[in-house]
Amino acid sequence: MTDKMKFVFLLSLPAALLLEITPTMADTPLGWINTSNPAAYTTTKGELEISAAAIAVNDSLDIFNYRDDLIAASGSLEGDSGDLSGSRLELNYGIATDLSVFYRRQQQSLTLDLGEISSVDVRDIDKSLDTVAESAGIKWTFYRANLLNPDNRQTAASLELTGFSSESNDFDVVLDEIRFDDVTIIFGVPQTFSVSNMKDEGWKAKLIYSWPLTESAIGSVWTGYGESSAASGTSTDLQSATISQFFEQSFELEESYLYFGAGLNTQITPRLSASLNYEYISLSDSKLNRFPPTPVSELPSFFTSSGQSNVDDNHTFKASLAYWLTPSINLSVSGQLYSNQFVGVLPHYNNPLSGSFSDTPYGFAGIELSYKISGTP
């Protein structure tokens with residue numbers, strides 16, 4: 001857990017002590033689960049929600065042909081590029097009547113099958129970008145109204161503070177030969193070149209407002225602000241300083257974001273619910289620094305800053321359908337779409353390798369099992 005994530009948790013302690021003196025009441029509507037549902041409601045005091053999901057996209061799940069669009073847009077990808085598999089874990093716990101904490105972790109593997117590269121002779125190459133993303137934070141509901149509504153479908157407003165970080169494994173390419181415009185370098189022993197040091201961290205704050213639309217439906221809107229710092233680079237295990245200097249680079253990216261979103265959650269039957277959420281992410285400020293400042297033009301694009309994206313926004317959509325198997329166990333299926341892939345979601349994906357196709361739409365499906373453990377108020 002990063003220092004920023006720990007700091008967000010520490011912020012919750014004085015608020016928790018203050019809110020402990022308030023009367024206990026239900027914090028969420030009947031049948032509600034906080035996982036993947038942006039809303040102003042906090043997890044009920046003493047209750048723990050545990051959710052585990054599998055996420056994926058492949059040629060069978062890609063009903064919008066986003067994988068094919070990714071390959072066509074990049075010009076350097078082929079085969080199963082765009083396939084994704086992974087898992088997600090989320091914990092929500094109510095520590096006071098109007099205060100809850102959460103932790104989220106997503107692990108994913110994005111297939112990147114690079115086609116033939118004219119300037120190099122490849123011996124071996126990684127096939128995926130493997131990433132772990134974590135976030136943790138608190139949600140404080142500071143306003144409630146319509147307290148006598150049935151099923152606790154109240155009007156509420158909350159503040160959510162989140163610290164986040166993500167990191168990807170190095171993407172390695174093993175080469176026998178490199179061809180520049182005026183010289184060819186042949187290695188007696190194959191050498192490894194990498195897109196490396198891919199990681200980010202940051203924070204965000206959101207104000208969320210929720211209100212009952214009908215006796216079985218709840219609407220939510222939110223706005224927020226966040227900042228992140230991301231890093232990436234290229235490196236090699238070459239012993240020759242003369243040659244390795246062309247591949248030793250680092251990139252530093254500072255960004256700030258504005259968030260605007262809306263969601264709808266409806267209870268179709270006592271056991272079946274559906275949700276639809278939309279969020280617009282706008283990069284209000286972005287600063288990219290590269291060291292050294294001038295790349296070698298003959299290098300493949302995934303080793304240079306020319307492969308990085310200039311996209312400054314993202315439209316994200318998520319729809320889910322959930323069924324309560326028991327009063328404590330919830331099974332859901334979902335679909336998530338991005339207009340510009342992981343822009344504003346995984347900041348370090350704007351690296352020389354994956355940044356070149358950040359402006360293409362992308363999406364994946366998920367199946368999730370959630371379990372509620374009720375505690376003693």
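Visitor: What makes the largest pocket a pocket, and how much space lies in it?
Guide: About 360 Å³ of space lies in the largest pocket. On a 1 Å grid over the protein atoms alone, a pocket is an open set of points with protein on both sides within 12 Å along at least five of seven lines, whereas a cavity is a set of points where a 1.4 Å probe fits but cannot get out. Grid points are joined across faces, edges and corners, and the volume is the space filled by probe spheres set on the points. This is a predicted model, in which local features need pLDDT of at least 70 and side-chain atom pairs count only at pLDDT 80 or more, while totals for chains, interfaces and linings use all residues. Residues are numbered from 1 along each chain as its sequence is written, and side-chain values use heavy atoms, with hydrogens and water left out.

Visitor: Which residues lie nearest the centre of the largest pocket, and how does its lining divide?
Guide: A lining residue has an atom within 4 Å of a point, and 19 residues line the largest pocket, with Leu30, Gly31, Trp32, Pro270 and Trp324 nearest its centre. The lining divides into eight nonpolar, six polar and five charged residues, where Ala, Val, Leu, Ile, Met, Phe, Trp, Tyr, Cys and Pro count as nonpolar, Asp, Glu, Lys and Arg as charged, and the others, Gly among them, as polar.

Visitor: What lines the second largest pocket?
Guide: That pocket holds about 250 Å³ of space and is lined by 15 residues, of which Ser165, Ser166, Lys199, Asp200 and Glu201 lie nearest its centre. By class, its lining has four nonpolar, four polar and seven charged residues. At least two lining residues come from each of strands S5 (128–145), S6 (155–168), S8 (184–212), S9 (217–236) and S10 (249–267); strands (E, at least two residues) and helices (H or I, at least four) are DSSP runs, numbered from the N terminus.

Visitor: Why is Ala96 called buried?
Guide: Buried means under 20% relative accessible area, exposed over 50%, and partly exposed in between, with a 1.4 Å probe and protein chains only. Ala96 has 0% relative accessibility and therefore counts as buried. Ala96 is found in strand S2 (residues 84–96), and its C-alpha atom is separated by 9.8 Å from that of Glu47, 49 residues apart along the chain.

Visitor: How many residues of the chain count as buried, as a percentage, and how many helices and strands does the chain have?
Guide: Of the 377 residues of the chain, 52% count as buried, and the chain has three helices and 14 strands.

Visitor: How many cavities does a search of the whole structure find, and what is the volume of the largest cavity?
Guide: The search finds six cavities of 30 Å³ or more, and the largest cavity has a volume of about 1,100 Å³. Its lining comprises 46 residues, with Arg104, Lys204, Glu279, Gln336 and Val345 closest to the centre. Strand S3 (99–111) gives the most to this lining, with six residues. The classes in the lining of the largest cavity are 17 nonpolar, 17 polar and 12 charged.

Visitor: Which residues lie nearest the centre of the second largest cavity?
Guide: They are Ile33, Thr35, Asn37, Ser320 and Ala322, out of 23 lining residues, around about 200 Å³ of space. The lining of the second largest cavity divides into six nonpolar, 13 polar and four charged residues.
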